[in-house]
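Subject: Structure handover

Hello,

The structure we discussed is below. My notes follow it.

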Amino acid sequence: MTLALLVAYIHLVSSVLLVGYFLFWLVMTVGLERLEPAAEVAPLTAAMLAGARWPPAVVPWKLRLTVPGLGWTFLAVLVLTGIGESLAGARYPVAGALGVKLALLAALAAAHARLGRRPTPGLAKLSLGLALGVVVVSVLLPR
Amino acid sequence: MTLYHLAVALHVGAACLWLGHMFFWSLFSGPALKKIQPAETAGRLRAVMLWRGGLGWPALAVLAVTGLYQMRFRGVTLGMLADGTMLQGAAGRILAFKLLLVLAMIGYQLVFGHRPAPRAIYFNMLAALLVLGASVLLVRG
């Protein structure tokens, strides 16, 4: 496997993880909103944002990633491998499909910045839609 | 966007949703939520996390239809798979390997579905990682 193929593979796997991540937010926010009593939603959301850390063992607590931290990590890997793919030889006109992809990615990062602080079902739906939009636009990039 | 592009977009989108759900739930959110204190809060959150499942079969249906369409578009028929004609080229062998893994994953889905499978899930995830690798080789290799 060449380096270019390895970078493409990591790019694909991080895309899969990122979509899974935003699907998680959608399931959680909609699920929390259905909870009774409604007063439980805010403390449970706060517990998830502050208390859920990955990896759950081995690494010291302070170095573990929060749930939003996982999302930023996937996004960073996606961007870095995307740049790597471009440097490896893929040349796209920025005004075309790549421009749309980058615009969607910027919107996704902005939505994620809000989602990581105050998660709502609407924001989670928007983020998942944007993530899937990035995937769809990627199909249009020349191979 | 052509019909072929639409099929590829649906194929990749369905794969991302299905495999992303499996990977993120099993490797990241499940273990992370389990460690929240107090344990009662962790239990409540894990119950919320699992309230919606059943993504596997719809995703597989989309993957099968769009995958078969893409094979046909590239001139590959199921007959070529059955009589071994496809195995003569490297791309054909990679595709056959990918389809074999997909069959194994369908088997997993049939046997376990949405039920917990602490050991088998790791084989299923390994198969999924290999399917993604085979897909990269088919498109970029």
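In chain A, 68% of the contacts with a separation of 6 or more are between residues 24 or more positions apart; two residues are in contact if their C-beta atoms, placed from the backbone, lie within 7 Å.

This is a predicted model, in which local features need pLDDT of at least 70, side-chain atom pairs count only at pLDDT 80 or more, and totals for chains, interfaces and linings use all residues. Residues are numbered from 1 along each chain as its sequence is written, while chains are lettered from A and ligands numbered from 1 in the order in which they are written.

Chain A has five helices and two strands (DSSP runs numbered from the N terminus: helices are H or I with at least four residues, strands E with at least two). Their order from the N terminus is α-α-β-β-α-α-α.

Helix H4 (residues 97-115) and helix H5 (residues 121-139) of chain A have axes that come within 9 Å and cross at roughly 160 degrees (axes are lines fitted to C-alpha atoms, for helices over the stretch in contact, with angles from 0 to 180 degrees between N-to-C directions). H4(A) is therefore roughly antiparallel to H5(A), the term for angles over 145 degrees.

As for the interface, 34 residues of chain A are in contact with 36 residues of chain B. On the chain A side, H1(A) gives the largest share, 17 residues.

Regards

How values were computed
Angles under 35 degrees count as roughly parallel, over 145 as roughly antiparallel, 65 to 115 as roughly perpendicular and the rest as oblique.
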